[in-house]
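Here are some notes for when you open this one up.

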Amino acid sequence: MSAHLDTLAQLLAERFGERVSVRSALGELTLTVPAADYLAVATTLRDDADLAFEQLIDLCGVDYEGYKDGAYEGPRFAAVSHLMSVSKNWRLRLKTFATDDDFPCVASVNGVWSSANWFEREAFDMYGIIFEGHEDLRRILTDYGFIGHPMRKDFPVSGHVEMRYDPEQRRVVYQPVTIEPREITPRVIREDNYGGL
């Protein structure tokens, strides 16, 4: 880890102590926070003069179902934010897990960083993660009547409903999916140095 990231890791450990986990991998720091402390930690990350994470670059949902070939036994859904401090010139990944897999819910950081607004709506739409305290949490990418959350690992690849234009009715119609499942050819793994490569 570089001296710059080492300084940030020490600051994070001093500010938050045992209630968070700081991990370094591939030259990046990840701060994992319990859902109960998520909003308070995010506010401190922004307001603390030594940390000064004044900008949220991205926020996304993650579905850990099937992670590590099914060996993972932790919470299924997480909200992951990427933060940047322009004044300190460092970046941080902030991660929190929803405690209930059937009704994933974490606090909204839209009041801390206003750029989280559409990102949280996208994570809600695609993964079904509820951001408690978000003032306008509604779908952003799927149709109004869409049922389900398409980025969840258990959502069928072909979906449940298809949409097409019907020239006789002169309008768009919705109908159950008519796509036939096809057999996928398994990936062939060749031995080392195959074909002189």
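**Notes on the predicted model**

1. Start with Leu-45. Neighbours within four places in sequence aside, Leu-45 is in contact with Leu-12, Phe-16, Leu-31, Leu-51, Ala-52, Phe-53, Leu-83, Leu-92 and Leu-94. Do keep in mind that this is a predicted model.

2. Leu-45 also turns up among the residues with the most contacts inside the largest nonpolar core, alongside Leu-12, Leu-31, Leu-94 and Val-109. That core has 36 residues. At least two residues of the core come from each of α1, β2, α2, β3, β4, β5, β6 and α3 (116-127). The top contributor is α1, with 6 residues.

3. Now the helix that carries Leu-45. In α2 (residues 38-47), the buried residues are Tyr-38, Val-41, Ala-42 and Leu-45. Looking down the axis of α2, you'll find its buried residues within an arc of 100 degrees, so they line one face of the helix. As for what they pack against, the list is α1 (3-16), β2 (28-33), β3 (55-63), β4 (77-85), β5 (90-97) and β6 (105-107).

4. On to the aromatics. The pair count comes to 4. One of these pairs is Tyr-64 with Tyr-72, which is tilted, at 5.3 Å centre to centre and 35 degrees between the planes. Tyr-64 counts as buried at 12% relative accessibility, while Tyr-72 is partly exposed with a relative accessible area of 25%.

5. Tyr-64 has another tilted partner in Phe-97: here it's 5.4 Å between centres and 45 degrees between planes. Tyr-64 sits in the loop between β3 and β4 and Phe-97 in strand β5, so this pair ties together parts that are 33 residues apart in sequence. Phe-97 counts as buried too, at 18% relative accessibility.

6. For Cys-60, the nearest cysteine sulfur is that of Cys-105, 18 Å away, whereas a disulfide would need the sulfur atoms within 2.5 Å. Both cysteines are partly exposed: Cys-60 has a relative accessible area of 28%, and Cys-105 has one of 21%.

Conventions
Residues numbered from 1 in each chain as written. Predicted model: local features only at pLDDT ≥ 70, side-chain atom pairs only at ≥ 80, totals over all residues. Heavy atoms only, no water. Buried < 20%, exposed > 50% of the residue type's maximum accessible area, 1.4 Å probe, protein only. Helix = DSSP H or I, 4+ residues; strand = E, 2+ residues; numbered from the N terminus. Arc of directions from axis to C-beta. Contact = heavy atoms within 4.5 Å. Core = buried A, V, L, I, M, F, W, Y, C linked by side-chain atoms within 4.5 Å. Phe/Tyr/Trp six-rings, centres within 6.5 Å; stacked < 30°, edge-to-face > 60°.
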